Amino acid sequence: MSMTNKTVLLVGKSPLHDELKELFGESGYRVVPEPVREAADGVRFAIEVTNYDLDLKRATIEKLDCELPPDVPILATSLAVTATEAASWARYPQRICGFGTFVPVAERGLLEIAPALQTAPAVVEQAVWLFESLGKETAVVEDEVGLVFPRILALIVNEAVFTVMEGTATPEDIDIAMKKGTNYPYGPLEWADRIGLDEVYAVIRGLHRDLAEERYRPAPLLRKLVLAGRVGVRSGQGFYSYQLAAAVR
């Protein structure tokens with residue numbers, strides 16, 4: 001598949017926004033912002049990335065669906081809701097396809113794609129082509145909140161937060177134990193700070209909302225930190241403190 005039109009409309013509030021904007025730019029795409037109506041002409045793909053604020057996510061997808069031609073695929077992150085639910089908000093649900101990963105995108109060799117039940121097969125093919133044109137591998141997975149990598153990592157983080165709350169160990173000791181015990185690149189709490197606690201919380205809250213199982217109950221401390229705006233590296237405070245202008249730990 002080849003496409004001469006390389007204009008991408010990128011919208012939403014998430015750390016993914018700026019990193020995808022940079023990656024698309026490096027790969028030769030023209031990235032256009034909102035307002036949708038002014039940018040609609042010539043757009044080949046729309047990418048929507050809000051995870052924490054579901055009211056905003058729904059309003060954005062409805063606006064994209066209303067103002068873009070029906071043949072423009074809308075690829076929306078499905079970290080906090082299923083792609084099928086996101087597609088249910090659209091008049092043309094066949095063009096909605098889920099995808100997702102956590103930041104930093106530069107460290108991710110693979111992006112997951114989760115078609116909604118309503119997604120047209122041609123839209124899935126276009127999504128695969130688009131993300132592979134960025135130099136990433138892709139994997140098409142079943143449509144569940146959080147997909148695979150974000151879901152599993154978020155649950156590890158949530159368990160680590162419960163461990164802090166119970167006084168079993170400090171954040172520092174938990175991260176040391178997990179790095180040395182698993183050879184993960186980061187401890188779970190350090191990793192959560194790098195991703196953004198709001199992004200991690202969005203996945204866990206979405207799983208609990210969608211599946212209603214106790215094992216997905218968000219740790220209260222994680223919710224409090226998000227409500228306090230202490231979302232990790234990008235806010236200067238999470239489980240650790242950071243200099244805002246400093247590089248990631």
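In strand 7, T138 is the bridge partner of L111. Strands here, like helices, are DSSP runs numbered from the N terminus, with at least two residues (E) for a strand and at least four (H or I) for a helix. The model is predicted: local features need pLDDT of at least 70, side-chain atom pairs count only at pLDDT 80 or more, and totals for chains, interfaces and linings use all residues. Residues are numbered from 1 along each chain as its sequence is written, and side-chain values use heavy atoms, with hydrogens and water left out.

Strand 6 (residues 110-115) and strand 7 run parallel and are joined by four bridges. Together with helix 5 (residues 121-132), strand 6 and strand 7 make a right-handed β-α-β unit. A crossover is called right-handed if, with the strands pointing away from the viewer, the path from the first strand over the helix to the second runs clockwise. Strand 6 is also joined to strand 5 by four bridges, and this pair runs antiparallel; here F99 stands opposite I113 in strand 6. Strand 6 is mostly covered, as five of its six residues are buried (buried means under 20% relative accessible area, exposed over 50%, and partly exposed in between, with a 1.4 Å probe and protein chains only).

These strands belong to an open sheet of seven strands with the order 2-1-3-4-5-6-7 and mixed pairing. Two strands count as paired if DSSP finds at least two bridges between them. Strands of a sheet pair through backbone hydrogen bonds, either parallel or antiparallel. The edge strands, each pairing on one side only, are strand 2 (30-32) and strand 7 (137-140). On average, neighbouring strands of this sheet are turned by 30 degrees against each other, direction ignored. Strand 4 (residues 74-77) and strand 5 (residues 96-100) run parallel and are joined by four bridges, and I74 has I96 in strand 5 as its bridge partner. Helix 1 (residues 15-26) packs on the sheet and touches strand 1 (7-11), strand 2, strand 3 (45-48), strand 4 and strand 5. The direction of helix 1 makes about 170 degrees with that of strand 1. Such angles run from 0 to 180 degrees between N-to-C directions, and axes are lines fitted to C-alpha atoms, for helices over the stretch in contact.

The loop between strand 7 and helix 6 (149-165) contains E144, and V141 has its place in the loop between strand 7 and helix 6 as well. V141 counts as buried at 17% relative accessibility, whereas E144 is partly exposed, with a relative accessible area of 34%. Not counting residues up to four places away in sequence, V141 touches E112, I113, A114, P115, L147 and V148. With neighbours within four places in sequence left aside, E144 is in contact with S78, T82, R151 and D210. Contact means heavy atoms within 4.5 Å.

Helix 7 (residues 171-182) and helix 8 (residues 188-195) pack with their axes 7 Å apart, at an angle of about 105 degrees. Helix 7 and helix 8 are therefore roughly perpendicular to each other (65 to 115 degrees; under 35 counts as roughly parallel, over 145 as roughly antiparallel, and the rest as oblique). P171, I174, D175, M178 and K179 of helix 7 make the contact with P188, L189 and E190 of helix 8. The residues of this contact comprise five nonpolar, no polar and three charged. Ala, Val, Leu, Ile, Met, Phe, Trp, Tyr, Cys and Pro count as nonpolar, Asp, Glu, Lys and Arg as charged, and the others, Gly among them, as polar.
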